[in-house]
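Visitor: I'd like to learn how to read the sheet and the helix packing here. Could you walk me through them?

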Amino acid sequence: MMMKKKKKSGEQQIGIEISQNDISLVVIEQQPDASVRVRGRQVSWRKEAKDIGEEGGAEELAAAINELVREEDLAGMSVHVALNSNYCVTRVAAGEREKVEEELQVLHDRSNQYLMLGPGEKALARSFLPIDAKQMQGWLTVTNRATLDVIVDCLEQANLKVDLIEHAMVSLCRAVTKMPRADESPTIIVELNERGVDVGVAYQGRLLFDYRPGGLKSKTQVAQIIQRHLERIQRYCNRHFPFAEGTISQVYISGATEDVAEVRDQIGRAHV
């Protein structure tokens, strides 16, 4: 979720994630001596508003973004923006080209049924990637049009240039490719956020599918849920994404430091 921009101190890559309560910023800066400096911070944007689309939400989000841009000297820079699963969903299809196009069209036509994203018109984005001469993989990301408009407006008010907006889980799938052995087989990604837990499955940097496990009431149950669903997840991968070879053997966790530590210990004890 990053892009390149020249500044006095070197080449920079900027990523911003917006969630229900917080804004997370990552700045990766290439130094003159070829070293890399990484800094990040998280600020709470929501004070009294219930959400972005509720009364006062746009004003509170704009104020937080403006403060962050001013303090980090980001004015005029290009950014890639990630929205977490409270604000968008991504559906995936793979197989013969015509079949994938048909499946995504059906999902496109049903997009207004994603009530968890809020009432009103939805904004959609489709992308495709060839697997071989006959097959491809396709993604459809859906968000609320009004919510998206508010976010883009707040970013532009702060003098930021928006190069890309995408689902945070899609960004995480690319990020884990930098980890050892991550490309060898499908990988589980656990994203811990304000509303609970989102689980994604990635292969070679591409999202295969993501879901919010039913019955998961707290972060203390994450290892138990993954252990219970692991065989089902593996069977689903084998059936719908046969090109994603290998057995799931790695889990990556994203979230607040203390939450990640807790879930990591759970998974270690459960031998997932």
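Guide: Happy to. Keep in mind that this is a predicted model. Let's begin with the sheet.

Visitor: In what order do the strands of the open sheet lie, and what is their pairing?

Guide: In general, the strands of a sheet pair through backbone hydrogen bonds, in either a parallel or an antiparallel way. Here, 4 strands form an open sheet, in the order β12-β11-β10-β13, and the pairing is mixed.

Visitor: Which are the edge strands?

Guide: Look for strands that pair on one side only: these are β12 (206-211) and β13 (251-254). From one strand to the next, the twist averages 25 degrees.

Visitor: How many bridges join β11 and β12, and in which sense do they pair?

Guide: Strand β11, residues 196-203, pairs with β12 in the antiparallel sense over 5 bridges.

Visitor: Now the helix pair: at what angle do α1 and α3 pack?

Guide: Helix α1 (residues 57-72) and helix α3 (residues 145-157) pack at about 35 degrees, and their axes are 9 Å apart. Their crossing is right-handed.

Visitor: Which residues make that contact, and of what class are they?

Guide: From α1 come A58, L61, A62, I65 and N66, while α3 supplies V150, I151, C154, L155 and Q157. By class, the contact has 8 nonpolar and 2 polar residues, with no charged ones.

Definitions and conventions. Residues are numbered from 1 along each chain as its sequence is written. This is a predicted model: local features need pLDDT of at least 70, side-chain atom pairs count only at pLDDT 80 or more; totals for chains, interfaces and linings use all residues. Side-chain values use heavy atoms; hydrogens and water are left out. Axes are lines fitted to C-alpha atoms, for helices over the stretch in contact, and angles run from 0 to 180 degrees between N-to-C directions. Helices (H or I, at least four residues) and strands (E, at least two) are DSSP runs, numbered from the N terminus. A crossing is left-handed if the near helix is turned anticlockwise from the far one by less than a right angle, and right-handed if clockwise. Contact means heavy atoms within 4.5 Å. Ala, Val, Leu, Ile, Met, Phe, Trp, Tyr, Cys and Pro count as nonpolar, Asp, Glu, Lys and Arg as charged, and the others, Gly among them, as polar. Two strands pair if DSSP finds at least two bridges between them.
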